[in-house]
Amino acid sequence: MRLSRFLLPTLKDLPSDADTVSARLMLRAGMIRKVASGLYEWLPVGLRVLRRVERIVREEMDRIGGQEVWLPVVQPKNLWEETGRWQQYGKEMLRLRDRKDTEFCLAPTAEEVITDLVRREVRSYRELPLLLYQFGTKFRDEIRPRFGVMRSREFYMKDAYSFHADDASAEATYRDALDAYTRIFQRCGLKFRPVEADTGTIGGNFSHEFMVLADTGEETIAACSSCGYAANVERAECGPSADGGLRPEGQKEGHLPMDEVATPGVGAVEAVSRLLNVPASKIIKTVFYVADGKPVVALVRGDHELNEHKLKRLLGAKLLFKAGDEVYRQTASCEPGFAGPVGLNADVVADHSVMAVTNGVTGANKTDFHRRNVNPGRDFTPARVGDLRQVIEKDPCPKCKSPLCFFKGIEVGHAFKLGTKYSGSMDAGFLNEKGTKSPFIMGCYGIGVSRVVAAAIEQSNDADGIVWPPSLAPFDALILPLNTAEPAVMAAAERLEKELAAAGLDVLVDDRDQRAGVKFKDADLLGIPWRVTVGEKKLALGQVEIKARNAKDSMDVPLDQAAGILLKKRG
């Protein structure tokens, strides 16, 4: 490929609206261009990288028995109504009507349409298990698109779905998929970690995320260096004993009589802590939610944060959102900031650590008043107790009790055990060995292909530009003739191009009539793994220069040996 005929509009200046390293470099390197908020065009060099990721993913999905399909991006409302997600998905789903006034959506995901396909075509357990996958565009109307293609509204992904007759088969495919994902990200040259994760809007009973480790990642991973446990902070467990060191070991505090104290205008934890001279760990926060249309009150310690994902799981709620002030007032008969669990006429659930609080402080369900010396079990009893709080660094690992450490990561893949969430609601099933109908047991496996491209850049770059892992680079080698007007220089460049191409390498020749400095700057910006520079002075000595993108130094080699040396070094 000749660069003079290749659409590669590189930029010298940093784009003002690019808010991450990958967004800046993808724009500067001519990989993408912004059309509108969260919408991008992929230019030839960017698309070459995207296709390399796609090829790796396809090979590994085929390796575990996946069959590729092509599903529509415009999906009918009626399928989504069967699962109840037409109402649940919210404003991220872009809805539209056709000329017949029939409602559709631009697919944010494909569970409904793939389940509908299989329920129409698969009849017997003899046709199971089945693993189907596709590559396609998805659309989610993000309220604030950011981070370039990592948090865009339109994105390119691989989504796969498996259908099974029993749990053992579903578990086997789930493990196969996790192994396949491990191979995919290893082949992509990424440093990554699989972590336990929340199932989110997809649903199901268990999931794993694959996180590319990067300081710029928007996700936080809680990990144990002793036993290998890892989970995102939405999923990371806090056991009953993880009370954060409320009291020194062996020290006991007797229960004191509960009393009421005026706290005029003071409702926030920090302000109450200062006013009453008590640590935040002694304060019990009362947080109001609406779960499936009913008010519910969740309790966590003042020095902890409530984890909504855990609350939703504990309640088994389909729809959960923070209650407004009016619900707060109706339930607690006071202004926000002054509610407490004592005498509260509502469903109350509590985090494990709340039950370890002795002589704590809560709202008094009376505006401008709090209660002191409140003790769980004596003064109030939650309907349910469980793990409701956000994990914090140095919490004990739920597996081995060693301190947890936090890392930043970028989610690039997600695997779910769906069970019968979709097959049950859509009456999708098969005839089992007894001739009776059973619902499919399902799994779901997604990879953000366009996100992998950006994550690779976030993880591998320097001050000069991108440093591609060899398996993802748009070209394997760049031949850089310094003086294209010199016939001998171009003849040598063409000779190298033919030799490397014959060996199976994808080669780009920078045959532009540009200054050497411009060519070198663009070469570093593009991040192609190997550069072969052909100049008059060294060519007069029968030599060319070879340099790896991630190496400081270059080496001069004989022209007639250059292709072989590069191939040997490339491995």
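Student: What is the order of the strands in the open sheet?

Tutor: In this predicted model, the order is β13-β19-β18, three strands with antiparallel pairing. From one strand to the next, the twist averages 30 degrees.

Student: Why are β13 and β18 said to stand at the edges?

Tutor: β13 (259-262) and β18 (360-363) each have a single partner strand, so one side of each has no neighbour in the sheet.

Student: How do you know that β18 and β19 pair?

Tutor: Pairing requires at least two bridges between the strands. β18 and β19 (residues 369-374) have three bridges, in the antiparallel sense, so the two count as paired. Within this pair, G363 stands opposite H370 of β19.

Student: Why is N232 called buried?

Tutor: The relative accessible area of N232 is 1%. Buried means under 20%, so N232 belongs in that class. N232 is part of strand β12 (residues 230-232).

Student: What makes the link between the side chains of N232 and E209 a polar contact?

Tutor: The contact distance is 2.8 Å. The cut-off is a pair of N or O atoms within 3.5 Å, one able to donate a hydrogen and the other to accept it. The value for N232 and E209 therefore falls within the cut-off.

Student: Why is α1 described as roughly perpendicular to α11?

Tutor: The axes of α1 (residues 21-28) and α11 (residues 449-459) cross at roughly 105 degrees and come within 8 Å. Angles of 65 to 115 degrees count as roughly perpendicular, so the term applies to α1 and α11.

Student: Which residues make the contact between these helices?

Tutor: On α1 they are V21, S22, L25 and M26, and on α11 they are V453, A454, I457 and E458. By class, the contact has six nonpolar residues, one polar and one charged. Glu counts as charged, so E458 is placed in the charged class.

Student: What makes the peptide bond between L128 and P129 stand out?

Tutor: The bond joining L128 and P129 is cis, with omega about 0 degrees. P129 lies in the loop between α5 (111-121) and β7 (130-139).

Student: What is noted about phi of F147?

Tutor: Phi of F147 is near 60 degrees, a positive value in a residue other than glycine. F147 sits in the loop between β7 and β8 (154-164).

Student: What is the phi of K401, and where is K401 found?

Tutor: K401 is not a glycine, yet has a positive phi of about 75 degrees. The loop between β20 (384-386) and β21 (405-419) holds K401.

Technical notes. Residues are numbered from 1 along each chain as its sequence is written. This is a predicted model: local features need pLDDT of at least 70, side-chain atom pairs count only at pLDDT 80 or more; totals for chains, interfaces and linings use all residues. Side-chain values use heavy atoms; hydrogens and water are left out. Helices (H or I, at least four residues) and strands (E, at least two) are DSSP runs, numbered from the N terminus. Axes are lines fitted to C-alpha atoms, for helices over the stretch in contact, and angles run from 0 to 180 degrees between N-to-C directions. Buried means under 20% relative accessible area, exposed over 50%, partly exposed in between (1.4 Å probe, protein chains only). Angles under 35 degrees count as roughly parallel, over 145 as roughly antiparallel, 65 to 115 as roughly perpendicular and the rest as oblique. Contact means heavy atoms within 4.5 Å.
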